[in-house]
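Work through the exercises below with the sequence and the 3D view open. Each task is followed by a stepwise solution.

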Amino acid sequence: MFKISAFSKLSRVSLKTLRYYDQIGILKPRKVDHDTGYRYYSADQLLELNRIFIYKELGFTLPQITQLLQEHITLENIQGMFKLKRSEIQQIIDTEQAKLVRIEERMQLIEEEGHVETGQEIRIKEEGARQFLFQTGCGREEDIPSLFHQFDQSLTKEMRQLIDGPQVVLWKEIAGQEEEFEFEIGYFLTCELRSPPDPFQQRTLPAEPMMATIAYRSNAIFACKACVHLATWIENNNYQIKENGAGRELYLPLSQEQDVQFIEIQIPILNR
């Protein structure tokens with residue numbers, strides 16, 4: 001048996017916390033000396049503390065943890081809860097990492113105002129009509145990878161055989177939303193698909209005789225610097241963006257090991 005002071009040092013938990021845990025019944029001393037009032041703890045209670053801390057990290061409240069300890073949750077169940085929490089934390093990390101990438105990119109844009117990067121050549125292309133298999137979704141640019149992940153998991157064998165080219169994203173503003181957009185995400189098809197099941201949709205994207213395009217390598221989902229170069233080029237060359245024309249972004253992964261993509265932005269334009 002260890003006095004509470006010794007147990008506090010062993011567990012690295014403050015005396016105040018141990019007394020509070022005793023008070024609410026989540027971790028009571030193994031023995032209390034009725035003459036002196038000293039609390040004594042056993043070595044195996046360090047394992048009980050470990051479970052308490054695991055449950056706290058998993059997001060449970062102290063009353064919920066008290067109930068869980070009484071239910072004698074199995075190791076398999078704890079491992080399942082841990083895997084779920086790890087997935088949630090990883091998603092937060094990925095989201096914050098994407099924010100850092102965008103901030104760094106925008107800072108670079110500020111530093112390079114007025115300078116066009118070499119290697120970001122802008123070209124005019126003609127695009128024919130294409131069959132487009134897609135799903136709609138709402139969110140921000142950092143949501144695009146997860147939307148495609150869900151999309152790809154739902155593809156049937158027949159659909160996969162008809163896919164022609166990289167991932168395609170069409171953007172549309174949502175009225176009243178400052179940060180979120182409506183997306184159409186999907187793939188071009190080699191031919192029309194008969195009766196695609198829900199939630200898939202299919203339509204023909206019209207031919208576009210003039211598309212201003214810029215292509216680049218990037219580990220960012222949306223490169224504001226490339227868009228600035230493209231907009232400046234359109235303005236300086238006396239073109240205008242076609243009203244109601246669907247701008248497109250094409251994503252082609254370059255490496256399975258690194259989050260690097262080849263991205264092409266296509267904007268339909270007209271002569272002024």
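**Exercise 1.** Which residue just after α1 takes a positive phi?

Solution. The model is predicted: local features need pLDDT of at least 70, side-chain atom pairs count only at pLDDT 80 or more, and totals for chains, interfaces and linings use all residues. Residues are numbered from 1 along each chain as its sequence is written, and side-chain values use heavy atoms, without hydrogens and water. Helices (H or I, at least four residues) and strands (E, at least two) are DSSP runs, numbered from the N terminus. Helix α1 covers residues 4–11. Just after α1 comes Arg-12, with a phi of about 60 degrees.

**Exercise 2.** Describe how α1 packs against α2.

Solution. Step 1: helix α2 covers residues 15–24, and the two helices pack at an angle of about 110 degrees with their axes 9 Å apart. Step 2: angles of 65 to 115 degrees count as roughly perpendicular, so α1 and α2 are roughly perpendicular to each other. Step 3: the contact (heavy atoms within 4.5 Å) involves Ile-4, Ser-5, Phe-7 and Ser-8 of α1 with Leu-15, Leu-18 and Arg-19 of α2.

**Exercise 3.** Find the buried residues of α1 and what covers them.

Solution. Step 1: buried means under 20% relative accessible area (1.4 Å probe, protein chains only). Step 2: in α1, Ile-4, Phe-7, Ser-8 and Ser-11 are buried. Step 3: these residues cover an arc of only 105 degrees around the axis, which puts them on the same side of α1. Step 4: their cover includes β1 (2–3), α2, β3 (39–41) and α3 (45–57).

Methods:
Axes are lines fitted to C-alpha atoms, for helices over the stretch in contact, and angles run from 0 to 180 degrees between N-to-C directions. Angles under 35 degrees count as roughly parallel, over 145 as roughly antiparallel, 65 to 115 as roughly perpendicular and the rest as oblique. Buried means under 20% relative accessible area, exposed over 50%, partly exposed in between (1.4 Å probe, protein chains only). The arc is that of the directions from the helix axis to the C-beta atoms.
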